[in-house]
Amino acid sequence: MSKKYKMTISRLTVDKLGLKLYDRVSAVIAEVIANSYDADATNVEVIAPMGEYLASKSQGILTDKGYTIEVKDNGIGMTPDEVNAFYLKVGAERRKDPKRGGTSKKYGRRVMGRKGIGKLAPFGVCEIVELITSGGDLTKGKDENGNIIEGYLTAHLILDRANILQDTDAEYNPEVGELDGVIRAKHGTLIRLKTFDRRHVPTIESFERQLSQRFGVPSEHWKITLYDSLKTKTDPGYTLHVGEFFVVKMEGSEIRFEEIYDSSNKPYNPRKYRTVDSSGQELTDITPGFSFEEVFYPIIGWVGYSQKPYKDDLMAGIRIYCRNKIAAQTKIFNMKAGFTGEYDIRSYLVGEIHADWLDEDEDLIRTDRQDILWSHELGQAFEQWGQELVKKVGSLTREPKRKKTWQLFEEISDIHNKVLHAFPGDEQRDIRKNTVEIAKAIARTTREDELQEGENVDSIINLSLLLGPHITLDHKLNEAAENSGNPLSVITGILKTARIAELAGFGKIAEDRISVIRKIEELKDDPETLEGAFQSLISEAPWLINPQWSPVIANQNFSTLKTEFQKFYKKRTGIDLRLENFSDPAKRADFVLSSQDNIIQIVEIKKPAHGLENNEMDRIVTYIDVMAEFLSAPGNEELKKIYSDYHVTIVCDKINLTKVQKAAFRGYKNENRLTHITWSIFLLRTRKMHEAFLNEAERQKKLATEKQ
Ligand SMILES: Nc1ncnc2c1ncn2[C@@H]1O[C@H](COP(=O)(O)OP(=O)(O)OP(=O)(O)O)[C@@H](O)[C@H]1O
Ligand SMILES: [Mg+2]
């Protein structure tokens, strides 16, 4: 052959293989582990500084932190000759190499390796890759201490990214390590990465999750273990096994693609596949694969809805595996937006499908292994199959599910009877219809498991009963606006509906309040409950003290009064007064200062069963004195105009006062300056009042509905 023409390939090509895309430590380590799998390893250990940055960067300067990442396997290893022939060849296809082949020797694994570039992946994150590997046949020779032993010949070399990536087509000779040529008792390979770019090692837990996602199903004789090099054996989180990637699926949503076997459990010839739903029923309109140029490309695995929206990107969408190694992940097979069930698909669709033909005859896996070559003809056919699948899943699974949730809700909640009971009048058909519609809208989007909880069902019912009349009112108002005549009957209809809506609102408030009261009745007898907790409760729900009181909305005047009073109090008594402060609920306030109908309310709350002591009464007397003085102090005229008087409420179960204090207490009570209530009386009273209110609201509603 003439040597007139010559083609050379620069070593910079290596850099162009997409190494930069290997920017995630887990992706890099997955490549190294894939090689261990192909080498029939049963154990792989990954030792790394978990959760750490591998280098720091300041003012554009990168400083390596001296960490190493090691991947150690007990596979067949390599002799120095094999290192040259296999490892140091870039782009040699092992499946075409008779010495290595497409299946592993010992366990018959269908090897993951194909392109002959995986070993370069570490250079996506580091500068130096050290390889120590012992392999070949069992031989006798000197070990590292010069003793004769039986074992495996070792290769030890150090590869340096900067030297590889020279703009030359000359040979590259990696540095030789001190173990090179020795015999070691065990075969296997150690890859050590050093001198890193600024990359982050995931925490041991997320590392585990990432690796389990990258390698499909765990197989027999195959174990990956992670170790945190920053910890010692006894530390928690020192080590973790890589298990199965687990996604909790919504019950009944799964569609499976499987191979069928004959009666003696052998594959048919040609092989047979089928699609089944979660009850085992065959689904004939979704094929377990597709045909392209008269060849059938089977898909094995499942798709379905996850029970909860995606917790991370790892579980999102359909994971596509080739020979148990992740090849791509897709949510909707590149489909255009705007199809039935799209929202659900985008937030719930999950799946794990195996397409082992992806790199068989044709290699559809991108060089950087981040995705599949969808534009390839076969890729297009696959994509089309996937899109059909997504569309079917979108329209099939979700709608019946929704209908099912509504049916389930109808059963559990007894909604129709409840609505009829609340709005029984003939004229109230619209309100009933709208109430049920609202319940339907909410229930349909609720998950089945949520519907099993009584509380959720109740709150949907209550909300619908509350909103139903309002929506109807809104419709009626719109109707009236469009109807230019506005006959009196329309107006009457509106007023009646408005009344029902209003009463529904009142009833709801009273109902909510009663449940708060019940809660307090429980809390009251719990010794753990602190006065501080009651204090903040009273500030937020002052109607507990008096049903007519409502929560104070942030109000400039009252804040001024509070701060001014605090200053005044300090001046008079030298004591810092602590008033309730929501920004720090842990700090107990001296008392609650509130205002209702322009009266300043001082509320002193004592723990249930507590007896009021003389010194506590002294303090209350001081509050009263200072408050009186404050309100009549010169300069406070404006405040006095707004807040004309003040009142003290003491919530306390017993009064243990004597002498002067006892007299003072009585005196204030007689003047109506002070109200004393005990816990049980106060709760009972509040509850009675609210219940009465609720009953009245009910009665009014009935009245209003009967009149119609
Ligand atoms: N841990 C290992 N134990 C034994 N041999 C190994 C190991 N790692 C790599 N090799 C050898 O080095 C070769 C090159 O590895 P590399 O990952 O570059 O290519 P590949 O695995 O054949 O293909 P791919 O690029 O698809 O991963 C492998 O085919 C294998 O023969
Ligand atoms: Mg490989």
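Student: Which residues are buried in helix 16?
Tutor: M617, I620, Y623, V626, M627 and F630 are buried in helix 16. Buried means that 20 or more other C-beta atoms, placed from the backbone, lie within 10 Å of a residue's own. Helices are DSSP runs of H or I with at least four residues, and strands are runs of E with at least two, numbered from the N terminus. This is a predicted model, where local features need pLDDT of at least 70, side-chain atom pairs need 80 or more, and totals for chains, interfaces and linings use all residues. Residues are numbered from 1 along each chain as its sequence is written, while chains are lettered from A and ligands numbered from 1 in the order written.

Student: What do the buried residues of helix 16 pack against?
Tutor: Their partners are helix 15 (556-573), strand 21 (599-605), strand 22 (611-612), strand 23 (645-651) and helix 18 (659-670).

Student: Why should helix 16 span 27 Å?
Tutor: Helix 16 has 19 residues (614-632), and at 1.5 Å a residue they should span 27 Å. The expected span is 1.5 Å times one less than the number of residues. The end C-alpha atoms are 27 Å apart, which agrees.

Student: New topic. Which residues come nearest to ligand 1?
Tutor: N35, A39, F86, G113 and G118, of the 22 residues around ligand 1. A residue counts as near if its C-beta atom, placed from the backbone, lies within 6 Å.

Student: Which helix supplies the largest share of that shell?
Tutor: Helix 2, with four residues. Helix 2 (25-38) and helix 3 (80-87) each supply at least two.

Student: And the domains?
Tutor: The assignment gives domain 1 (12-241), domain 2 (255-396), domain 3 (400-519) and domain 4 (530-677). Such bounds come from an automatic or database domain assignment.

Student: How many residues of domain 1 are in contact with domain 2?
Tutor: 15 residues of domain 1 are in contact with 14 of domain 2. Contact means C-beta atoms, placed from the backbone, within 7 Å. On the domain 1 side, helix 5 (204-214) gives the largest share, four residues. The C-alpha centres of the two domains lie 31 Å apart.

Student: Which residues touch the most other members of the largest nonpolar core?
Tutor: V28, I29, I33, V46, V71 and V129, out of 49 residues. A nonpolar core is a set of buried Ala, Val, Leu, Ile, Met, Phe, Trp, Tyr and Cys residues joined through C-beta atoms within 7 Å. Helix 2 gives the most to this core, with nine residues.

Student: What is V46 in contact with?
Tutor: I29, V71, I224, L226 and Y227, leaving aside neighbours within four places in sequence.

How values were computed:
A residue is buried if 20 or more other C-beta atoms lie within 10 Å of its own, exposed if 12 or fewer, and partly exposed in between; C-beta atoms are placed from the backbone. Two residues are in contact if their C-beta atoms, placed from the backbone, lie within 7 Å.
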